[in-house]
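Subject: Structure for you to look at

Hello,

I am passing on the structure we spoke about. Please look through it alongside the notes in this message.

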Amino acid sequence: MAADITLDPERLLNDARAGDAATLGRLLEMYRRYLALLARVQIGRRLQGKVDAEDLVQETFLEAHRSFPRFRGTREAEFVRWLRQILAANLADLMRRYLGAQGRDVRLEREIEDAFDRSSVLLDRGLVADGSSPSQQAARREQGVLLADALDQLPDDYREVLVLRHLEALTFPEVAQRMGRSLDSVEKLWMRGLVQLRKILGGTP
């Protein structure tokens, strides 16, 4: 089920800061699909799918709960960036353990965080037509988060081809090889996926 865009994350942030743990839980859940999508792309590139993205997101939520009293932002964009930083640190730590390295690697954390930022930009700009007109409520939200939620509503093949093409930046022949499909079928899936995605977002196909 897609996240409710009518929820005001900044209001939830304010309530959570007042000590409402249940509200913080609701707030974090609004970003589960977004963080899982970012994690999935980097796990595929760096750990060849040896780690489950959902496990990494759950670990990020636990850390966010522990660290929330130190979070000073008031806007959704600040909160989303903070969550990406936690996710990047967790993924870097996981990679360090897999590689048998010792100690925290700040350079790797920053590299992963930059990769998350690039993926977020691709989500913001790469999947929605210029003519799309999201609702006024949606326009106030982080578009990358809304796109991740919309992608989650697509049939598996549509979602897969869009993620591989736009977030993993594979060519159509590479997507076809990854999915075990013909080039023609992949191109048709891509077009249908974009049309359906834009319908979900309320834009013009």
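This is a predicted model: local features need pLDDT of at least 70, side-chain atom pairs count only at pLDDT 80 or more; totals for chains, interfaces and linings use all residues.

Overall fold. The protein has 11 helices and 0 strands. Read along the sequence, the pattern is therefore simply α-α-α-α-α-α-α-α-α-α-α. The chain has 205 residues, and 44% of them count as buried.

Helix α6. This helix covers residues 106-126, and E113 lies in it. The relative accessible area of E113 is 9%, so this glutamate is buried, the cut-off being under 20%. Leaving out residues up to four places away in sequence, E113 touches R81, Q85 and A88.

Helix α8. Residues 143-152 form α8, and 8 of its 10 residues are buried, so the rest of the structure largely encloses this helix. The buried residues of α8 run from G144 and V145 through L146, L147, A148 and D149 to A150 and L151.

Helix α9. This helix takes in residues 156-167. Buried positions in α9 are Y158, V161, L162, V163, L164, H166 and L167. Just after the helix, A169 adopts a positive phi of about 60°.

Packing of α9 against α10. Two packed helices are described by the angle between their axes and by the distance between those axes. For α9 and α10 (residues 172-179), the angle is about 135° and the axes are 10 Å apart. The two helices are therefore oblique to each other, since an angle has to be over 145 degrees to count as roughly antiparallel. The crossing of α9 with α10 is right-handed. On the α9 side the contact is made by D157, E160, V161, L164 and R165, and on the α10 side by F172, V175, R178 and M179. Sorted by class, this contact has 5 nonpolar and 4 charged residues, with no polar ones. V161 and L164, which take part in the contact with α10, are also among the buried residues of α9.

Two places to start when you open the model are E113 with its contacts to R81, Q85 and A88, and the contact of α9 with α10.

Regards

Technical notes:
Residues are numbered from 1 along each chain as its sequence is written. Side-chain values use heavy atoms; hydrogens and water are left out. Helices (H or I, at least four residues) and strands (E, at least two) are DSSP runs, numbered from the N terminus. Buried means under 20% relative accessible area, exposed over 50%, partly exposed in between (1.4 Å probe, protein chains only). Contact means heavy atoms within 4.5 Å. The expected span of a helix is 1.5 Å times one less than its number of residues. Axes are lines fitted to C-alpha atoms, for helices over the stretch in contact, and angles run from 0 to 180 degrees between N-to-C directions. Angles under 35 degrees count as roughly parallel, over 145 as roughly antiparallel, 65 to 115 as roughly perpendicular and the rest as oblique. A crossing is left-handed if the near helix is turned anticlockwise from the far one by less than a right angle, and right-handed if clockwise. Ala, Val, Leu, Ile, Met, Phe, Trp, Tyr, Cys and Pro count as nonpolar, Asp, Glu, Lys and Arg as charged, and the others, Gly among them, as polar.
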